[in-house]
Amino acid sequence: MGAIFNVFPLILIPVLTYNIWAFGATATSDGDGASVRQHLADVWVRIPMASGAEWTISFGDVMVLLALILLFVELLKSTSTGTAAIFNHALSMLVFIICLVEFLLHPAFATSVFFVILVMALLDVLAGVVVTIISARRDVEFAGQH
């Protein structure tokens, strides 16, 4: 089970959640993504603050928070260097490419929330590649010091 966790790109969870929700919403509405954009802005929770202001949390805020938490775990996972990590990086690149295509071509994905998730997918890819390159350089440096 641990090997699957190491290979599976966790940033795929918010991407799949958004996909299922967005494609479902566009299938039952006019298809232009207006209902998706409206639902992202709908307030889910209102929390009164000590200052007297009211903090409102929307569905889009929850999606971004979920993606941030999973990006943090992905960044921790990117420090490993093994076969599973290489597969993880490849799958993360695939997730990023799919996100980019959806963002550019489907109206329900042309939102700031999905753009932030897209950037997180890109950061996941970049972090994995950078960590792999740095660790490979260290391996080469240590091997040359014999």
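This is a predicted model: local features need pLDDT of at least 70, side-chain atom pairs count only at pLDDT 80 or more; totals for chains, interfaces and linings use all residues.
Student: How far apart in space are Val119 and Phe96, C-alpha to C-alpha?

Tutor: In sequence, Val119 and Phe96 are 23 residues apart. In space, their C-alpha to C-alpha distance is 8.4 Å.

Student: In what order do the elements of the chain run from the N terminus on?

Tutor: The chain has six helices and two strands. Written from the N terminus on, the order of these elements is α-α-α-β-β-α-α-α.

Student: What percentage of the residues in the chain is buried?

Tutor: The chain has 146 residues. A residue counts as buried under 20% relative accessible area. By that cut-off, the buried share of the chain is 32%.

Student: Among contacts in the chain between residues at least 6 apart in sequence, what share joins residues at least 24 apart?

Tutor: The contacts taken into account are those between residues at least 6 apart in sequence. Of these, the share that joins residues at least 24 apart is 63%.

Student: Why is helix 2 described as roughly antiparallel to helix 4, and which classes do the residues of their contact fall into?

Tutor: The axes of helix 2 and helix 4 come within 9 Å and cross at roughly 150°. Angles over 145 degrees count as roughly antiparallel, so helix 2 is roughly antiparallel to helix 4. In the contact, Ile13, Pro14, Thr17, Tyr18 and Trp21 of helix 2 meet Phe59, Met63, Leu66, Ala67 and Leu70 of helix 4. By class, the residues of this contact are nine nonpolar, one polar and no charged.

Student: How are helix 2 and helix 3 oriented to each other, and which classes make up their contact?

Tutor: Helix 2 (residues 12-28) and helix 3 (residues 34-41) have axes that come within 8 Å and cross at roughly 130°. Helix 2 and helix 3 are therefore oblique to each other. Tyr18, Trp21, Ala22, Ala25 and Thr26 of helix 2 meet Ser35, Val36, His39 and Leu40 of helix 3. The classes in the contact of helix 2 with helix 3 are six nonpolar, three polar and no charged residues.

Student: How much space lies in the largest cavity?

Tutor: The count of cavities of 30 Å³ or more comes to one. The space in the largest cavity is about 60 Å³.

Student: Which helix gives the most to the lining of the largest cavity?

Tutor: The lining consists of Asn6, Glu74, Lys77, Ser78, Ser80, Ala85, Asn88, His89, Asp124 and Gly128. By class, this lining has one nonpolar, six polar and three charged residues. At least two lining residues come from each of helix 4 (59-77), helix 5 (83-105) and helix 6 (112-143). With three residues, the helix that gives the most is helix 5.

Student: Is Asn88 buried or exposed?

Tutor: Asn88 has its place in helix 5 and is one of the residues that line the largest cavity. Not counting residues up to four places away in sequence, Asn88 touches Asn6, Val7, Phe8, Pro9, Glu74 and Lys77. The relative accessibility of Asn88 is 4%, so Asn88 counts as buried.

Definitions and conventions
Residues are numbered from 1 along each chain as its sequence is written. Side-chain values use heavy atoms; hydrogens and water are left out. Axes are lines fitted to C-alpha atoms, for helices over the stretch in contact, and angles run from 0 to 180 degrees between N-to-C directions. Helices (H or I, at least four residues) and strands (E, at least two) are DSSP runs, numbered from the N terminus. Angles under 35 degrees count as roughly parallel, over 145 as roughly antiparallel, 65 to 115 as roughly perpendicular and the rest as oblique. Contact means heavy atoms within 4.5 Å. Ala, Val, Leu, Ile, Met, Phe, Trp, Tyr, Cys and Pro count as nonpolar, Asp, Glu, Lys and Arg as charged, and the others, Gly among them, as polar. On a 1 Å grid over the protein atoms alone, a cavity is a set of points where a 1.4 Å probe fits but cannot get out, and a pocket is an open set with protein on both sides within 12 Å along at least five of seven lines; lining residues have an atom within 4 Å of a point. Grid points are joined across faces, edges and corners, and a volume is the space filled by probe spheres set on the points. Buried means under 20% relative accessible area, exposed over 50%, partly exposed in between (1.4 Å probe, protein chains only).
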